[in-house]
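Hi,

Here is the structure I promised to pass on.

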Amino acid sequence: MSAFLNKLERKFGRYAIPDLIKYVVAVYCAGAVIGIVNADFYYSYLALDFNAVFHGQIWRLVTFLLEPGDFSGGINTQFLINIVFFLIKVNLFFMFGRSLEQAWGTFRFNMYFFSGYLLNIIAALLLYASPLHLSIYDAGFEYIYWAMFLAFAVINPNMQFLLYFIIPIKVKWLAILDVIYLGYQIVTDLYYGMQMLSIGYSTYASVYFSMAAAIIVSLLNFLIYFFATRNYQRIHPKQVHRRREFRKQTQQYNGYSGGARHRCAVCGRTELDDPSLEFRYCSKCDGNYEYCSDHLFTHQHVRKM
């Protein structure tokens, strides 16, 4: 997967959008404004409804990102509280997004969002094509935003947040609690979705099933990029075998003449000849050949016939 992303980056990297998170957050804020003004407009004309898409309303494939979220109820008694938490979430999204772009690079961070977008489209299409024939995908992009937190926790596991602005807790423990909560929410959404179907309320069932699908998609997107950014070279069978052979040889051989532990395979010098010399094994040679710093990059690689 990492090699595939590298190929894509070499070919399309110049099209990546720097600081993409500011545009993503702008879309998130626009959805909040729609929720405050008229949330019904979103659900009637902008939400992802494949029945409407197949009847020509293709803009829904993009406009579903303008999810009202906490503001779907408009201005009510919870409005001020929603505003406060909304501002906190926006600041967190900025922090998570810019941290990930710095760690992954601009292209991979772009791919993270666009793959999340496509996975949501696919999830909605599968629900529509399933025997349930659920056309309305009543979930936006917020779970993809929050999946950034899991990636952020992998990169900064020991950073501390203040839970409820009082209790200091490391990010990795918050991430574990987040995964447990999301798993619980998937199970409950599927359960209530089946309950709604059993009594004939397919519209409400669509809400629960689409929420479960959106969470699964966000976790899948995180896992794809988590495993794609891992370095698997150290567990490659060839490298494992090479390390095992090296340990075997070092256990059987106590050193060179005079008590030296290292000797260059080219010039024959040891650390006793020059204490400033550094010695390394070459990963491209067939066998355990050690070279001094003068010959590590200039020697001819040994190849077994």
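A definition to begin with: helices (H or I, at least four residues) and strands (E, at least two) are DSSP runs, numbered from the N terminus. By that count, the protein has ten helices and six strands.

Some ground rules for the rest. This is a predicted model, in which local features need pLDDT of at least 70 and side-chain atom pairs count only at pLDDT 80 or more, while totals for chains, interfaces and linings use all residues. Residues are numbered from 1 along each chain as its sequence is written, and side-chain values use heavy atoms, with hydrogens and water left out.

Of the 305 residues, 39% count as buried (under 20% relative accessible area, with exposed being over 50% and partly exposed in between; 1.4 Å probe, protein chains only). Among contacts (heavy atoms within 4.5 Å) with a separation of 6 or more, 62% link residues 24 or more positions apart.

Now to the helix packing around α2. Helix α2 (residues 20-46) packs on helix α5 (residues 79-104) at about 165°, with the axes 9 Å apart. Axes here are lines fitted to C-alpha atoms, for helices over the stretch in contact, and angles run from 0 to 180 degrees between N-to-C directions. That angle makes α2 roughly antiparallel to α5 (over 145 degrees; under 35 is roughly parallel, 65 to 115 roughly perpendicular and the rest oblique). On the α2 side, the contact includes Leu20, Ile21, Val25 and Tyr28, and on the α5 side it includes Phe79, Phe86, Phe93 and Glu101. The residues of this contact divide into twelve nonpolar, one polar and four charged (Ala, Val, Leu, Ile, Met, Phe, Trp, Tyr, Cys and Pro are nonpolar, Asp, Glu, Lys and Arg charged, and the others, Gly among them, polar).

With helix α6 (residues 106-129), α2 makes an angle of about 25°, and the axes lie 10 Å apart. The two are therefore roughly parallel. Leu20, Ile21 and Val24 of α2 meet Phe109, Asn110 and Phe113 of α6, a set with five nonpolar residues, one polar and no charged.

Best wishes
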